[in-house]
Amino acid sequence: MSKSSADNTYRKVVRTQARRGVLSPLRREKQMEYLESRLAEDFSGAEALDVLDACCARGRLLHFLNRFDSRHRYVGIDYSQEFVAEGREWFAEVPNVSLEHGDLFALSSTHPKRFDIAILYKTLLNFERYEPAIDALVAATRRKLYVTSLFYDGDVDFEIKVRQYAVYDDLSDFAYYNVWGTPRFAAHCRSVGAREVRFFDLSLDFDLPAPTDKDVLSVYISRLESGERLEIMGAVVMDWKLVEIEL
């Protein structure tokens, strides 16, 4: 599948989920706490920074980042004009938060080295490959790039296509839930200019019941005898990590 057709498939699926009200509800997530714990060091100085939320949708993450530290200039970029329009309504009275209609993969030409910090939150798993997105974000970022996605601690990539026939309008639609091997991912980041690449496990400390409707995917938590919790969606173990990429 070409990059263009993969992107179009992703966009169709996201729009379908958005219409059904299951995409990016305005709630705070545990992953945001982990991200903020790393950003606290970056934000510790007196300088106001330019911070990008790539693939921001309506701006859910921007809302909570601005609550965390409102001194900085936050920019969200998303390819969906509908999402950007809705987000602009949310932030109409918030002068340090702005949303732009744009393409992640064009950041190298539209926003070269524009941002001190860039964030790609819970989106990389949905692309066919990670390299084009990482390359574009590195080209637009001066200091640090943060990514949350599914990873595996070995030199193995898992390319997973999920078809939710009860949810998607077109039965041929699918969503990627890809899991990237950490060694090769880190090596690619270094090949495009990263000085350090650090991975942090995003473990959960609460329980979620298994869904009763097997046709519509939702996340649940399974607790092992050891006490460790596994986040599961259907047949996919959701091993989330936060990646801190220092440039």
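Author: A crossing of two helices is right-handed if the near helix is turned clockwise from the far one by less than a right angle, and left-handed if anticlockwise. Please note that this is a predicted model.

Reader: In which hand does α2 pass α3?
Author: The crossing of α2 with α3 is right-handed.

Reader: At what angle do α2 and α3 pack, and how far apart are their axes?
Author: Helix α2, residues 30-42, packs against helix α3, residues 60-68, at about 45°, and the axes are 11 Å apart. The two helices are therefore oblique to each other.

Reader: Which residues meet there?
Author: From α2 come Met 32, Leu 35, Glu 36, Leu 39 and Ala 40, and from α3 come Arg 60, Leu 61, Phe 64, Leu 65 and Phe 68. By class, eight residues in this contact are nonpolar, two are charged and none is polar.

Reader: Turning to α6 and α7, how do their axes cross?
Author: The axes of α6 (residues 131-140) and α7 (residues 182-191) cross at roughly 35° and come within 10 Å. Glu 131, Ile 134 and Asp 135 of α6 make the contact with Phe 185, His 188 and Cys 189 of α7.

Reader: A change of topic: how much space lies in the second largest pocket?
Author: The second largest pocket holds about 260 Å³ of space. Its lining has 13 residues, and those closest to the centre are Glu 228, Arg 229, Leu 230, Met 238 and Asp 239.

Notes:
Residues are numbered from 1 along each chain as its sequence is written. This is a predicted model: local features need pLDDT of at least 70, side-chain atom pairs count only at pLDDT 80 or more; totals for chains, interfaces and linings use all residues. Side-chain values use heavy atoms; hydrogens and water are left out. Axes are lines fitted to C-alpha atoms, for helices over the stretch in contact, and angles run from 0 to 180 degrees between N-to-C directions. Helices (H or I, at least four residues) and strands (E, at least two) are DSSP runs, numbered from the N terminus. Angles under 35 degrees count as roughly parallel, over 145 as roughly antiparallel, 65 to 115 as roughly perpendicular and the rest as oblique. Contact means heavy atoms within 4.5 Å. Ala, Val, Leu, Ile, Met, Phe, Trp, Tyr, Cys and Pro count as nonpolar, Asp, Glu, Lys and Arg as charged, and the others, Gly among them, as polar. On a 1 Å grid over the protein atoms alone, a cavity is a set of points where a 1.4 Å probe fits but cannot get out, and a pocket is an open set with protein on both sides within 12 Å along at least five of seven lines; lining residues have an atom within 4 Å of a point. Grid points are joined across faces, edges and corners, and a volume is the space filled by probe spheres set on the points.
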